[in-house]
Each structure stands twice: as C-alpha cells, then as structure tokens.
Amino acid sequence: MQTENKKYDLPKGYEFDEVEKRWYRYWLEQKTFAAKMEEGKDSFSIVIPPPNVTGVLHIGHALNNTLQDILVRYHRMKGDNTLWVPGTDHAGIATQNVVERQLATENLTRHDLGREKFIERVWQWREEKGGTIINQLKRMGASCDWDRERFTMDEGLSRAVREVFVRLYNEGLIYKGDYIVNWCPRCHTALADDEVEHDPTEGKLYHLKYPYADGSGEVIVATTRPETMLGDTAVAVHPEDERYRGLEKIGIRLPLSDRIIPVVLDHHVQREFGTGALKVTPAHDRDDYEIGLRHELARIKVMDDHGVMNENAGAYQGLDRFACRKQIVADLEEQGFLDKIEPYEHAVGKCYRCGTVVEPTTSKQWFVSVRPLADKAVAAVREGRINIYPNTWYNTFYSWMDNIRDWCISRQIWWGHRIPAWTCKGCGKFVVVVEEPETCPFCGSSELSQETDVLDTWFSSALWPFSTLGWPENTKELQTFYPTSILITSFDILFFWVARMMMMGLHFMDEVPFHDVYLHALVRDKHGKKMSKSTGNVIDPLVMNDKYGTDAFRFTLTAFAAQGREIRMDEERIEGYRRFINKLWNAARFAQMHIKDADPEITGVCDDPSSLPLPHRWILSRTNRTIIEVRAALDGYNFNEIASGLYQFTWHAFCDWYVEWIKADLYGDDETARTNARGVLLCVLENILKLQHPVTPFVTEEIWSQLPGERRTIMLESFPKENPAWQDDEADAAMELLMAVISGLRTIRTEAELHPTAKISAVIIVPDRKKRELLEAFSGSICSMVRAEKLDIVAEAEVPDDAGHALVQEVELVVPLSGLIDVEAELAKLERKRQKLNKELARVQGKLGNEKFLNNAPEAVVDKEREKETEFKVRLAKNEESMARLKKLQ
C-alpha cells in the first residue's frame, strides 16, 4: 500500500491542521485500521470503553483513548492480528433525560408521546446527534476498526442481552423481589449501589424524644432524616444493654402519631453509639430493612416516587420530603419531642446522573444474584488469569467483591433494553424467553403483558467484550480475538463495569474477558484540583488539538500517564511538547536536505557498524538501547517511560548531539564520511519515526512519506526490534566522556555569561592516558562545539585563580577568563537586574499579604501570584550566584 503523497521539501513550519486531516482521511480510505485474522499470527484486541452516546470528548476520554491507540498501533506494527472495537453506550438515564429536555422545549413530555413514539424520538436523536463523540475520537487519531462500530442497543447486542437475561433467569441467578433500593425521585428509577455518589455534606443530627408507651420515661434517638420517622415501626436496642432491660414489654409511643411501636432486641445495634437506641424505618433505610426482616416488622412507605409525602404521612401528605422535614422538626419542638439539633457532616447519596439526593425505599425490582458470579471473578484474579495495573488496586478489588450485594438491574425508564419477561394473565406466571411469546407455555393463554422496566445500562455493557464479537454465535472474530488482551479504563468504573465484565465473561464464555486491566488516574488541573466548568480549570481536548496539534497533546497525555500517580495536567507542558514536535520536524528538514535524493539502500552502512567512526557507532548503540527501553515500556504499560525515553533520545542524543556532530561530514569533501553520515542519519531517523508513531501518528506519517524511495504507510511498517550488532558499550562510554567535556566547557561559558561569539582558550587536565588520547583525537570537534580557538589537553597543570573550572569524569576543565569579561560592567548589569527583581517580588508579596485579595480573588489568580513569587525568588538566587562568581574575578 503505497502512500499517495507527492515528494516535496518539508516547509519551515509544521502545519499540523492540514496534515492531520489529510492523513486521517487517507487511513480511512485505505482501511488501514481494519482487523486481519491471519492464521499463525498472535492476536491483540481491545474493546473501547463505550462512551455515552450523549457524550462529548473530555480530557479523560482523550487520555484513555490515546493510551489504547498507542498499544493498538504498536501491535499492528508488530504484525499481530490487531482489533480495536469502537462503539457507544445507549446510556439509558442520560439519553432519556436529554430527549425529555428537548421535548420540554416543545411543551411536551414523554407521556404525551407514549412509549413507542418516545422511543422513536430517541432513535431519531441518536441518528442526528449520537455520532458526535465518535467524530471527536477520530480527531484524536484513534485507529479503531470503524467498520465494526457497535452500539449497545443495536440488533446483535440486543439479542445477546436477551440471551444472557434468559439464561441467568433459568439458572436461578435472576429473580424479582421486594428489596430496599436507591431511588432517584428526579429520574424516577432505582439505582444500583455504585450509581450513587456519596459526597460529604454539612447537615444536622436531630435528637428526638420517644416516650415509653406507659408514660414512665423516654428514650432519645438520633436521625438525619426526621421525616422518615412517620414510617418507624420499631425502636431497636442491643439485647445486653441493661439501660433498656424490660423495655420490649412496654413499647414506644411514636411522636406525632397515635401508633404504639415495639422495642426489638437486635445485635446490630451498637451500644456505645449515642444512646444505644435506634429508630427502625424498614421501608426507608437499608440497615433498618434487614432488622425488619429479622423481626418481621411492617414496612410503611411514607413517600411516593417523586419524593413527596404520601397518605401514610397523615397530616404531612402532599409535602415535599425536605419541606416535610422542616415542618416535622417545628412540630416536634412545639410538642416537646425535640431534644437538640447538632451540626453533622455525613455522606449524602446522590444520583450519579442528575445529582438529586436519593431516597432508600422498598420496591419490587429485578436482581442478579451475583455471589456465584463474583466468586469466579475473584478466583480468576487471585490465580493471575487477570492482572491489574497498577497492583495497588488488588486489595480494593478484593474488598469490594467480598462485600458485594445483589445487583438491582431494573430501571423505571423507557429507553433501554426492555426486560424480556411477560406476566400471564391466565395463570399469573412469568414467561421469560428470548423472543416475544404468542402464548403462555404453562396454560396456553395469549394474554401476556411484558415488563415495562428496562435493564440497567451496565447490564449490556457487562457483555461488551464478547457480545461485540458476535456472541451468542461462535464467530471467527470470537475465536480469534476473545479473550481480549487488555482493558484500559479509569479506576472509578472498576466496579461499575470492569468487575461485571469479569463475572459475565467467565460465566458465559468460561474464560476471562481480558488478560490485563490497566486503571489510569483521573486527570486533574496542575494544582491537583478536579476539573470543572464552575472552577474554570477545564482543559478541552479539542481546543488543545486546535492550538498545539493532536500529536503534541497525545505526547503530553502519554508523558503524564505514570502508573498509580495522579495526573496533573498543565497547558504549559502541552506547549512544551509542541516544541518537541517542532524539534523533530526541523531535524527531519535538516536530514531531508542531505538524503532526499539518496538511495534508501544507503542505510546498509548500519548492517555492520563496527568499522564506522565513533559518533555513528554511538548513535546506533543509543538507538538500540532506546528500542529495548521503549518496547519494554510498551509491554509493561509504563506509558510515561515511553514518552520520556523517546524525548530524551530524539531531542538530546539525536538532535542536540548526533546531528551537530555529523554536520562536518555532511558538508565536507570526504565522500566516504559523507556516505556514512547520510546512511546512519536516514537509518536512525527511520527508527525514531517508527518508535514514535504509536504516540504521535500524524507528524511521523508525514515525515515518513517524504523520506527517499517508495513508501507505504508507516503504520504497516515493522516496529523496530533489538539489534545486538548495534550494541557498543565502548562507544557509549567514549561518547559520554566527550559529551561531558563539551557540556562542562559550555557550562563554564554560560555561567561566566560570555558573549556567544567569544572565542575561548581551554585546558583539559586528564591524568588517564586512554581518556587523554580519546580527547586528543576529537580535539577539533570539541573546539568547534565550544567555540575554542585553543585547546590544551595535558596530564597535569596549574589552575589560575581567574579561570572558570569544572570537574567531569575525573577530568578537570579550565577556561581562563581574564580579558573575556568586563567584570565591573557585568556586575553593574546584574545589580540593575537584582533591583528590578526585588521590586517585582515586593509587589507580588504585597498582594499575597493582603487578606482582601486572598479572600476575594479567584483561586487561580492567587495561585498565579504564588507562582510568580517562587519564580522571582529563584531568579534572585541565580542573580546572587552570578554576582558571587564575578566578584572572585575582581
């Protein structure tokens, strides 16, 4: 597959916008992302964590999909059968909310349309708007096999969902029953435990007086939700609590009502907490529900599904639950039942979609009995069949799985997979089948009514690794790519999604869904704070792509992705890596000037580098070491090490040292030296581009297409492999010495603040004969690189007082400075700088010492001033160091 790009001279500036659009269009047209299933090859597969169909790309998506794309491009270049399955999630509650808001602008509700028409409206919205995030992922360079894009409500996945539900039901692992659930009064649906977000909230703890039924005393109970007392059906005390001995024979008169409720003895009660007496509301509290089961207590619901008090609330019927709370507290106080109110911070559960405070309540729901499934998943992890990266998550995983509750899978909404269960009006039995039945298999009746609830969105997502590959059919894709190789996702859905995929995959495929799980951290701002629109610290990936280029943004995300470390994103770092992309581009432009008309076969000089001059042997050895390091980092999911290794090698070893070193050969008259330089230059540049392609696909593809010879797309080239013939420890050590000497002499120049064009004389004192001979052999190159007109390399010498001095690898570097610096003038210049910096520092410290500024200015503005303070202090310290050095020369 040859690229269609014509050869041209690389322009001075890298115009990323045009390049990115052109290459992505080419990749799609040529179907370079398409998975192959060739016999005898290893397979590598990833299923994308399906973003919500309502979603737009945020920085978490950008990170997650960049890391996936790096591995996919790497394995594709390795020659593996490589598949990256894309797709989106139907996101039941979120999508229904979006369409309902759209209807509200037309003064309509879903009930005005009816279920069937509303579902049609949602599908219409999905066709019009649902592709937004897919197009944004393409903008990030994602190399998914887009012809295999799936949707959790498409026909194939819907069949898989029904098949799984029916099999689990027939196995007794799905049941319908009364249970305490998390109810969202806004979304009007039950929520699983992990769909409830618990935020620390400043609330109140109400201490209430509950009188004994015979009037002989009272007990104090505490609650954060006094409105639920109307549903109390008991007070519980510990059976060994002497304070309440015999109280179970008397009972309690429930305040604000005429009801007498029993006192039950239960070991669940903590005697040491509060008064040791617990109000029991089985219909509105999970722990109370369990106490109610043990003591056969009545369950009295006092709220409806909207969070409004119902007929069981008596005089409070019709009040919103929070309005009822205020009224009840007022009435308790008026009637003498309120003991005290205390400030109290506690974790309040809120709906993960709309933020409404959830209400624990009893309801008839469908559940998965997860313990048998969870045990299989735990065993797979303990046995090493699934590895979790970083390994700090193992204990969290085990703890959660050990305490897992049955999974509530029914949702009281319309958009989603409707539960495949019908109730027969003739015999009252459930009919649970994959396809809609015409008659009841038990009694023959044709009067069947289907469940109105839909399944939890995470139910279909839990099947994603095998349903997207064609299950329940035994497809070639399933045989080739299942189990998948790795799942990359954010740690916050480890239990929402990852654990459930393990359970379903092991149960239905009798095999793990993936071998490895890589959990990345959440992306925060540079101060470690959560990004939010209200704070104004959000970094928009698409804005970053437009501003700095997709490659620079991808490289930044990779550089930050250290296992187990919080990701603190800073736009200045993105700008810095944009300079890195430009550095590579400029190095390629320089190389093109010398190799564009060359025969690609000139790289053959690298086949046996033993006879090549030192700089060539060294850069090939460094290239080999970088190949080894990058492959190890890719295989171990150490993404930050990939970026740092590529950065150090490309910027410093290749651009700063090697390219500078070979300029004399490239511009010289020695044809052999020139051929060697051109051949090694092209060879190393080719390896850099291939190593870097998984991280920065666009710029590498563009440069690759302009290298000499006919070129196919770089993504189908072979990823570089270790080449033992290139490893040269002697060359490494020799060049390290030469570079250390040159860097040391340059540092002396910099610290003395010599003019860039000033010529120096230098003395290099080298006691070791071999080192001395090496430096003498390269004295010309050293002089050229440090602008020295004279260089003495000796075994010993005196060091004059007026000289700059450095020591590197047991080699002394001496640069006499007399006559090179006007000491008085330089000191005067530094003094003026010092005074200016002190003024700036005083101004900033004045602001930071102003309480009004600290209290009223936005946090980001205050942080900026603190950064300035630090910067000015550092610059002043450097100024003082420079002045001290110059004073020694007076």
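Me: At what angle do the axes of helix 16 and helix 18 cross?
Reply: In this predicted model, the axes of helix 16 (residues 541-548) and helix 18 (residues 571-595) cross at roughly 35° and come within 10 Å. Helix 16 passes helix 18 in a right-handed crossing.

Me: Which residues make that contact?
Reply: From helix 16 the contact uses Met544, Lys547 and Tyr548, while helix 18 brings in Glu571, Ile574, Glu575 and Arg578. Sorted by class, the contact has 3 nonpolar and 4 charged residues, with no polar ones.

Me: Switching to strand 24, is it largely enclosed or exposed, and why?
Reply: Strand 24 (residues 514-520) is largely enclosed by the rest of the structure, because 6 of its 7 residues are buried.

Me: Which strands pair with strand 24?
Reply: Strand 23 (residues 484-490) pairs with strand 24 in the parallel sense over 6 bridges, and there Thr489 has Leu519 of strand 24 as its bridge partner. To get from strand 23 to strand 24 the chain goes through helix 15 (residues 494-509), and this β-α-β crossover is right-handed. Strand 16 (residues 387-389) also pairs with strand 24 in the parallel sense, over 3 bridges, with Val517 of strand 24 as the bridge partner of Ile388.

Me: Now helix 25: which of its residues are buried?
Reply: In helix 25 (residues 779-786), the buried residues include Ile782, Cys783, Met785 and Val786.

Me: And what covers those buried residues of helix 25?
Reply: The cover includes helix 20 (639-667), helix 23 (729-751) and helix 24 (769-777), together with strand 27 (760-765) and strand 28 (788-794).

Note on methods:
Residues numbered from 1 in each chain as written. Predicted model: local features only at pLDDT ≥ 70, side-chain atom pairs only at ≥ 80, totals over all residues. Heavy atoms only, no water. Buried < 20%, exposed > 50% of the residue type's maximum accessible area, 1.4 Å probe, protein only. Helix = DSSP H or I, 4+ residues; strand = E, 2+ residues; numbered from the N terminus. Pairing = 2+ DSSP bridges. Right-handed = clockwise from strand over helix to strand, strands pointing away. Contact = heavy atoms within 4.5 Å. Axes fitted to C-alpha atoms, helices over the stretch in contact; angles between N-to-C directions. Left-handed = near helix turned anticlockwise from the far one by under 90°. Nonpolar A, V, L, I, M, F, W, Y, C, P; charged D, E, K, R; others polar.
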